[in-house]
Amino acid sequence: MKKSLSVLLILATLVLFTACAATSAASEKSGGSASGVSGVSASADAGESGESGAQAAKSVVVYFSRTNNTEKIAEFIVELTDSDEYEIQAKVPYTDADINYNDSNSRTSREQNDPAARPELGGEALDLSGYGVIYLGYPIWWGQAPKILYTFVETYDLSGKTVIPFCTSASSGIGTSATNLAKSAPSAQFKVGKRFSASADKSEVEAWLKTVALSGVNDENNSGSTQGGKENAMQLTMKLDGTKVSVAWEDNESVTALKELVKTSPITINASAYGGFEQVGPIGASLPRNDVQTTTSSGDIVLYSGNQMVLFYGSNSWAYTRLGKITGLSGAEIKSLLNKSGVTITLSLE
Ligand SMILES: Cc1cc2nc3c(=O)[nH]c(=O)nc-3n(C[C@H](O)[C@H](O)[C@H](O)COP(=O)(O)O)c2cc1C
């Protein structure tokens, strides 16, 4: 009797082991797609997002794109991950005049400066019920996601969904654009986002998708890098006479070097007024420079002569390297912070 029980036990263990091995092989396979990019598959993420069941939920690429740069990246993701596609449309489409960022009274300037702006959605509604993973794409407008993205994440129920943000920009990094969106959709699981240039090709997108599954969730402490390293995730923070201001930093080697400089200890720049339009002061070190002829506007932060930081509350034309732009403040607010004989600029990594 004892012997036959042991045989039964061994047999049961063998059956269990074989079943487990088969299951794990199946889930490994389901993590991939036809093209071989693993990325995040809905099934691979189901555990994290709290979903259950063996049925893999599909992924969808949801994007807003006014001049088609983000659309191009969205289409690469669709192809590489075999996702569905949905374009966010505004009920009142954005005209060329609406997106004129040189006009402080254009529709986008007004919307991006208005915390309450929620432009109405147009087009057909999206049924999200079958999707576990949403790749969410947008252009950077004034360092942030367009306000219609907020309308989207607040209109749809994203609870339990994994959201993977991506964006395109002229030069700004993804900055706080995705973390701010995540705050408006607290029930979704936001992954670390990625910024692409308009000229990014399919292989760049493919390389990123391979890192997505490894990257963490976007939160206050982890907003910038797809690598998810703690240092990369730290934000370069600026204070003007002790007042913290929000900055959309450029994604370039000068800003990387600046971050490196303040990594060990914060730096203080004693800037003085010049020309009735700027504050300029020595950084105390030389940064890599790629000067181009630039006409600056209020809020611009640039590198001058490789070793000086300039903050504008007016405009000037000169050869500079862009470092970033103060966001979330009106021209008048920026002027009240900068239009004085001198300003103490403090930079730290937080
Ligand atoms: C209103 C507006 C504001 C913009 N602000 C920024 C910015 O702060 N930083 C940046 O690098 N690019 C900025 N851009 C450029 C766009 O982010 C960039 O061209 C993007 O790729 C456009 O994407 P789309 O073609 O999908 O609309 C801005 C463009 C517009 C129209």
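Which helix gives the most to the shell around the ligand? Helix α3 (residues 69-81) does, with three residues. This is a predicted model; local features need pLDDT of at least 70, side-chain atom pairs count only at pLDDT 80 or more, and totals for chains, interfaces and linings use all residues. Residues are numbered from 1 along each chain as its sequence is written. Helices (H or I, at least four residues) and strands (E, at least two) are DSSP runs, numbered from the N terminus.

**Confidence**
- The chain has a mean pLDDT of 81, and 78% of its residues reach 70 or more. The term pLDDT is the predictor's confidence in each residue, from 0 to 100.
- Residues 1-36 have pLDDT below 50; this stretch has 13 contacts in the model beyond near neighbours in sequence. Two residues are in contact if their C-beta atoms, placed from the backbone, lie within 7 Å.
- Residues 42-55 also stay under 50 in pLDDT, with 29 contacts beyond four places in sequence.

**Ligand shell**
- The ligand is surrounded by 23 residues. A residue counts as near if its C-beta atom, placed from the backbone, lies within 6 Å of the molecule.
- Ser 65, Thr 67, Asn 69, Thr 70 and Pro 139 are the closest.
- The shell divides into nine nonpolar, 11 polar and three charged residues. Asp, Glu, Lys and Arg count as charged; Ala, Val, Leu, Ile, Met, Phe, Trp, Tyr, Cys and Pro as nonpolar; the others, Gly among them, as polar.

**Nonpolar cores**
- The largest nonpolar core has 44 residues. Such a core is a set of buried Ala, Val, Leu, Ile, Met, Phe, Trp, Tyr and Cys residues joined through C-beta atoms within 7 Å. Buried means 20 or more other C-beta atoms within 10 Å of the residue's own, with C-beta atoms placed from the backbone.
- Strand β5 (131-139) gives the most to this core, with six residues.
- Leu 181 is among the residues with the most contacts inside this core. Beyond four places in sequence, Leu 181 contacts Ala 145, Leu 149, Tyr 150, Val 153 and Pro 165.
- A second, separate core of 26 residues includes Trp 249, Leu 258, Ala 271 and Leu 287.

**Strand pairing**
- Strands β11 (residues 267-274) and β12 (residues 278-282) run antiparallel, joined by three bridges. Two strands pair if DSSP finds at least two bridges between them.
- These two strands form a hairpin with three residues between them; in the turn, Gly 275 has a positive phi of about 70°.
- Ser 272 stands opposite Val 280 in β12.
- β12 also pairs with β15 (residues 308-312), antiparallel, over five bridges. There, Glu 278 stands opposite Phe 312.

Conventions:
Buried ≥ 20, exposed ≤ 12 C-beta atoms within 10 Å, placed from the backbone.
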